[in-house]
Amino acid sequence: MLRSLSALVFWSGFAAAVAMAGPLQDAARSGDEVALKALLDGGAAIEEKNPAGETALVAACLAGRPETVALLIQRGADVAARNDRGMTALHGASYSGCTECARQLLVAGASPGDAENRFKVTFQTFDWRLNDL
């Protein structure tokens, strides 16, 4: 019962974050690289956060969008940035199961230690082996 309740609370928080997305997060989540480039070229701050504190990079990782992750990293996104709940892009990649997103983050300098937060969520929770990336 407790596990079901935690999943419900997590999903409720995730749904709320999706509902509060900003234009950068919307473009990143949908994989709309044309819109994302236009927003960034038009002066949008790459580290801009929505009301939940989520960056475009976290949104792209949660949606499992490796091409968008590559674009954001190339444009200078902070691979260790955290949202208001302590979630990093590595959390998003591991949640979505996007090993290519995780690989790109690690190559760009993200640390597996970045995927630890107050909930002690780690790559081991998802049974990932970093050597396989």
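The side chain of S94 reaches the backbone oxygen of L90 at 2.9 Å in this predicted model. S94 lies in helix α6. With a relative accessibility of 5%, S94 counts as buried, the cut-off for that class being under 20%.

The buried residues are A89, L90, H91, G92, A93 and S94. These buried residues pack against two other helices, α4 (56-62) and α7 (99-107). L90, whose backbone oxygen is reached by the side chain of S94, also takes part in a contact at the start of the helix: a side-chain oxygen of T88 comes to within 3.2 Å of the backbone nitrogen of L90. At the other end, just after α6, G97 adopts a positive phi of about 80°.

In the protein chain as a whole, the secondary structure consists of 7 helices and 0 strands. The order of elements from the N terminus is accordingly written α-α-α-α-α-α-α. The chain has 133 residues, and 41% of them are buried. Among contacts with a separation of 6 or more, 69% are between residues 24 or more positions apart. The accessible surface of the chain is about 6,900 Å², and carbon and sulfur atoms account for 56% of that surface.

The mean pLDDT is 79, and 69% of the residues reach 70 or more. Among the elements, helix α5 (residues 66-74) has the highest mean pLDDT, at 98, whereas helix α1 (residues 2-19) has the lowest, at 45. Over residues 1-12 the pLDDT is below 50, and this stretch has 3 contacts in the model beyond near neighbours in sequence. A further stretch, residues 121-129, also has pLDDT under 50. For residues 121-129 the model has 22 contacts beyond four places in sequence. Where pLDDT is low, predicted coordinates should not be read in detail.

Conventions:
Residues are numbered from 1 along each chain as its sequence is written. Side-chain values use heavy atoms; hydrogens and water are left out. Buried means under 20% relative accessible area, exposed over 50%, partly exposed in between (1.4 Å probe, protein chains only). Helices (H or I, at least four residues) and strands (E, at least two) are DSSP runs, numbered from the N terminus. Contact means heavy atoms within 4.5 Å. A polar contact is a pair of N or O atoms within 3.5 Å; within protein, one must be able to donate a hydrogen and the other to accept it, and residues adjacent in sequence count only if both atoms are side-chain atoms. Accessible areas come from the Shrake-Rupley method with a 1.4 Å probe; for residues, only the protein chains shown count as cover. pLDDT is the predictor's confidence in each residue, from 0 to 100.
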